[in-house]
Amino acid sequence: MSARRSSRAPGRDLTAQVEALAEALDAGQGRLPQRVLDDADAVLAHARERAALSGEYTVVALAGATGSGKSSLLNAVAGADLAVPGVRRPTTGKALAAVWPAPAGEDPTEAPARTDAEDGAAHALLDWLEVDERHEVAGGAASPSGVTTGLVLLDLPDHDSVETEHRVRAERLYGRVDLLVWVVDPQKYADAALHVRYLRPLAGHASVVVLVLNHADRLTPDERERCLADLRRLAAEDGLRDVPVLAVSARTGDGVPDLQALLAEAARRREAATERVRADVRRCARELLAACGEAPTNRTAKQARAELVSALEEAAAVPTVVAAVRRSAARQARAATGWPATRWLARFRPDPLRRLGLGSGRSDEQRPDLARTSLPTPGPAARARAATAVRTYADAATAGAPDDWVLAARRRATTDGLPDALDQAVAGTRLEAERRPVWWGVLGVLQWLLFAALVAGLLWLALLAGGAYLQLPEPPTPVWWELPAPSVLAIGGALAGLLVALLGRVAGGVGAGRRATRVRRRLREAIDAVAGRLVVEPVTSELAALERCRDGARRAAR
């Protein structure tokens, strides 16, 4: 036992491990199998309860099957007839405790008087263990020095008792004691029930388990060695490779001093309680870590998010809005650069954005949270695609995580509230240009100049026609490019105005396309923000909880 002394600060390390296990358990609540969570809860409760009790005592339990000789071995270790070996089965029904009190002085051989608090510590520990039958051993022969202090040795009920109540008592104490001494006999040491049900779950607890082959006096030296070798082999297969294996005879006393020395060393070091709790915490942490599965790779999450945003864009009727922006921008360009003679006709056509309840001039511009559009409700296909995209993203982001964690991510990344959020995102996005393009003004002024030339030419021609009708002397008419000036003004103004209007329409279409592209980018950013808030962030929080659980379990398992 002394060869396994830890060089670390046991109390500090154990406290950190227990806290790490508590963090992992908290992060895994509702997401890990209930059996694993219940086991972790029990381990934490045991660790905290044991830490609150006296650290001056080491609790050792003699466990074994009916007829293994536990009671006789306790009497041999204590050097007194404390337990009465039974001749009928089951032999031991209730646990019995032999207590070597912890002294107040530094030298245990002086046997100084104990205080009430020290007696109370032992009683509090036994009360927690629910062991009523107690015997105080003063100066027993339990160590080479003749005295063992701070030791509580329990004789437990048989683990194979035909009485269910006896087995329940024994199994409850298996999880509470600091050091387990399994007493086996040459006939039943290889019993499958012992190894499968009791020893294999203790894998990793070799520092707080001892195997004792009792009734060794019934074997020849060669048979004893073969049994011990076979018992070590079975223990290694159970995950207890370095566990101490002793051969004793409670009847003859052979090997009992070795067991007494081992128990005396455990009581002197006072580390068995810490080692037992640490081993339980490590085992539980490994189970938590295994239940957490592999860390999600997240390799496909980026593509899944892009597909999610695209699906939500369709559900939010973004293509419809972008098309309306394009038509609205083209309409405004025609109104600013079109031929003045026909420009007024555009006023009779409604603005596409206004028809959707978008654009400037809405009554809710100062309250984006109240903004609503007149966009059509998404159809079944769009809703189904959005729901599928949400689930696909959750599955892609949590790929490799345990099923319970994937389901938790799906539950949190729901489509509830998405329609309103998407509608508000569209309504709150700036869809119109902050300022009118300069070229609109230039073409607008040019159009009015050309229109003025047209009007001037027509008036001039009208005056000339009126003068001719009245047979007035014909005034001299300038000739431009071999044509009368009035005709040049009228015809040139009309043709140039139509040409400028055509150029304005073409340029307006290009500008409308660019504005639609910018608006589509803004709308995608707004939809992406909604997806991030209602889908990505909930899934990310689940992944963060998974990582906290894994990290806590890793730290607790060290």
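This is a predicted model: local features need pLDDT of at least 70, side-chain atom pairs count only at pLDDT 80 or more; totals for chains, interfaces and linings use all residues.
**Cores.** I began with the nonpolar packing. The largest nonpolar core holds 45 residues, and Leu129, Leu154, Trp182 and Leu211 have the most contacts inside it. I then looked up Leu129 and found that, leaving aside residues up to four places away in sequence, Leu129 touches Val59, Leu154, Arg172, Leu173 and Arg176. Another core of 42 residues lies apart from that one, with Val309, Ala324, Leu356 and Ala409 among its members.

**Transmembrane annotation.** The unreviewed UniProt entry places "transmembrane region" at residues 438-469 and 489-512. I checked both in the model. Residues 438-469 are 100% helix, with end C-alpha atoms 46 Å apart. Residues 489-512 are also 100% helix, and there the end C-alpha atoms are 33 Å apart.

**Salt bridges.** My count came to 30, and I picked out a few to look at.

Asp158 and Lys70 pair at 2.4 Å, N to O. Asp158 sits in the loop between strand E4 (151-155) and helix H5 (164-174) and Lys70 in helix H3 (residues 70-78), so this pair ties together parts 88 residues apart in sequence. Buried or exposed, I wondered, are Asp158 and Lys70? Both are buried.

Arg283 and Glu287 meet at 3.3 Å, N to O. They are 4 residues apart in helix H9 (residues 272-292), so about one helical turn separates them. I noted Arg283 as buried because its relative accessibility is 19%, under the 20% cut-off. Glu287 is partly exposed, at 25%.

Arg554 and Glu547 form a bridge at 2.9 Å, N to O. Arg554 is partly exposed at 32%, and Glu547 is partly exposed at 36%. Through shared partners, salt bridges join Glu23, Glu547, Asp551, Arg554 and Arg555 into one network.

Key
Residues are numbered from 1 along each chain as its sequence is written. Side-chain values use heavy atoms; hydrogens and water are left out. A nonpolar core is a set of buried Ala, Val, Leu, Ile, Met, Phe, Trp, Tyr and Cys residues joined through side-chain atoms within 4.5 Å. Buried means under 20% relative accessible area, exposed over 50%, partly exposed in between (1.4 Å probe, protein chains only). Contact means heavy atoms within 4.5 Å. UniProt positions are given in the numbering used here, feature names are shortened, and annotations may be inferred rather than shown by experiment. Helices (H or I, at least four residues) and strands (E, at least two) are DSSP runs, numbered from the N terminus. A salt bridge is a side-chain nitrogen of Lys or Arg within 4 Å of a carboxyl oxygen of Asp or Glu.
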